[in-house]
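Colleague: Hi! I'm new to this one, could you walk me through it?
Modeller: Happy to, let me put it up on the screen.

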Amino acid sequence: MVGDGYRYRPDQMRLADEVRTTFRDGGALLADAPTGTGKSFGYLVPAVLSGKKVVVSTATKALQAQLVGKDLPVLREAMERAGYEAPRFALLKGRGDFLCDRRFDEYADHATLLELDVMDEVETWRSTTMSGDKEHLPLPIPRFWKDVAADADDCHRQSCLFAETCHYYTHKARALGADILVVNHALLLANIASDGGAFGTEGRHLVLDEAHALEKYISEAFGASVSRHRVYYVCNALERKVEDIGKFTARVRGYTESFFEELKSYTTLGAQDVAPPSYRELLKALVSVQELVKSNPREEVNKLSEMVGRLKGDLASFYEPLKDTHAYDVVVQPSSRGKSGMPMLQSWLVEPAEVFSREVLQRSESAATVLTSATLAVGRSFAYPKGRLGFDRFDGSVRELQGREI
């Protein structure tokens, strides 16, 4: 025992030493850390002592909350008591967690009678909140939240009246100034897929905790999905921004209803000949809408044609020759009412090796990558995760730390 509430863990010390060495020498570390190792402190202590900026990514919100709510504050206090300057740390969330004042006002003009009471409650919260974070909303997250939350496709900061008080950009600016940045795998991989639109990782050490889940997030981030909800979301955005477009979006909505109803029976993909009967009409309607939006004098401000174009391109990708790099399927969304849900189109990247090696392992010569989990090794070997994540394409040094030996 070192003191009240503390105990010496040899496994944790060995993990910390391997992380420290990897941070110093560069390259990558794969560390299997069984329950009881105390792995979060095993990588956080070298991180805060490294003197460099570090990104820590997790799969679950529970671990995120533990890192920023418990572990990092403990380390900050310990360093300050020891006379060291403690690094700053922050949690970076995605845009969808934050209320967009402009989109809220636009949505309020089109809200249904059934939504007005909830809109009033959100408006009351909006008038007092300092964060705009849905986590602090004192009521269940409303069904229309996605329509009033910040969104990259519908963000026009240069012309926005709320640019100076934007909740998301205020949060982002504060977080990106931190030395230790905590994110989740979904945000990390979505950010990589969008060429670093949210934050940069080059030059930062990267710790991937719960690394056994990485494949799932890579596959989804570099895949595509087309659902009824997504089409309606695009239509809603268009109707709030573009005058006299209602009859065109009405056509899109009509073909959308037919398409997703027919999709229950037409599940074959890969060619237009096997698509649901309404597919071609839906695609034509989206083309017409995109052309109309492009010619709108306010498109330079709205930038909605890109949103429509991505939807159109994703939809078409399921009825063109399918890429060998992806898996494709018609999946049924779960229904909250116990009924059969609505089908949607989904694709996933099959082989994550090239993406992970290029975008993560080889992102910077001076930045190290640490992968750790209680279940990272398979059969006492790292051969499987190394093969799936493209370590054979990585020229840097790779260290390994096996579970039950650390």
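Modeller: What follows is a short chat about this structure, which is a predicted model.

Colleague: Thanks! Let's start with the helices. At what angle do H1 and H2 pack?
Modeller: Helix H1, residues 10-25, packs on helix H2, residues 39-49, at about 35°. Their axes are 8 Å apart.

Colleague: And is that crossing left-handed or right-handed?
Modeller: H1 passes H2 in a right-handed crossing.

Colleague: Which residues in H1 and H2 meet?
Modeller: From H1 you have Gln12, Leu15, Ala16, Val19, Arg20 and Phe23. On the H2 side they meet Lys39, Phe41, Gly42, Tyr43, Pro46 and Ala47. By class, the residues of this contact are eight nonpolar, two polar and two charged.

Colleague: Let me pick on Phe41 in H2. What does Phe41 touch?
Modeller: Leaving aside residues up to four places away in sequence, Phe41 touches Gln12, Pro46, Asp71, Val74 and Leu75. Val74 is 33 residues from Phe41 along the chain, and the C-alpha atoms of the two are separated by 9.9 Å.

Colleague: Got it. New topic: how many cavities of 30 Å³ or more are there?
Modeller: The count comes to three. The largest cavity has a volume of about 180 Å³.

Colleague: What lines the largest cavity?
Modeller: Its lining has 19 residues, and those nearest the centre are Cys100, Cys155, Cys160, Cys166 and Tyr169. The elements giving two or more residues to that lining are helix H4, residues 101-108, and helix H7, residues 167-176. The lining divides into 10 nonpolar, two polar and seven charged residues.

Colleague: Since H4 came up, where does Ala108 sit, and how accessible is Ala108?
Modeller: Ala108 is in helix H4. Ala108 is partly exposed, at a relative accessible area of 35%. Asp120 is 12 residues from Ala108 in sequence, and the two are 9.5 Å apart from C-alpha to C-alpha.

Colleague: Nice. And the largest pocket, how much space lies in it?
Modeller: About 2000 Å³. Of the 40 residues lining the largest pocket, Lys146, Asp151, Ala152, Asp153 and Ala190 are the closest to its centre.

Colleague: Which helix gives the most to that pocket's lining?
Modeller: H8 does, with seven residues. Several elements each supply at least two residues of the lining, including H7, helix H9 (214-221), helix H10 (228-241) and strand S8 (343-349).

Colleague: What about residue classes in the pocket lining?
Modeller: The lining of the largest pocket has 18 nonpolar, 12 polar and 10 charged residues.

Colleague: Last topic, backbone angles. What is the phi of Asp195?
Modeller: Asp195 has a positive phi of about 60°, although Asp195 is not a glycine. You'll find Asp195 in the loop between H8 and strand S5, residues 205-208.

Colleague: Is Asp195 buried or exposed?
Modeller: Asp195 is exposed, because its relative accessible area is 73% and exposed means over 50%.

Colleague: And what about the phi of Arg380?
Modeller: Arg380 is a residue other than glycine with a positive phi, near 65°. Arg380 lies in the loop between strand S9, residues 369-373, and helix H16, residues 383-388. With a relative accessible area of 43%, Arg380 is partly exposed.

Colleague: Great, thanks for the tour!

Conventions:
Residues numbered from 1 in each chain as written. Predicted model: local features only at pLDDT ≥ 70, side-chain atom pairs only at ≥ 80, totals over all residues. Heavy atoms only, no water. Axes fitted to C-alpha atoms, helices over the stretch in contact; angles between N-to-C directions. Helix = DSSP H or I, 4+ residues; strand = E, 2+ residues; numbered from the N terminus. Left-handed = near helix turned anticlockwise from the far one by under 90°. Contact = heavy atoms within 4.5 Å. Nonpolar A, V, L, I, M, F, W, Y, C, P; charged D, E, K, R; others polar. 1 Å grid on protein atoms, 1.4 Å probe; cavity = no way out; pocket = protein on both sides within 12 Å on 5 of 7 lines; lining within 4 Å. Points joined across faces, edges and corners; volume = space filled by probe spheres on them. Buried < 20%, exposed > 50% of the residue type's maximum accessible area, 1.4 Å probe, protein only.
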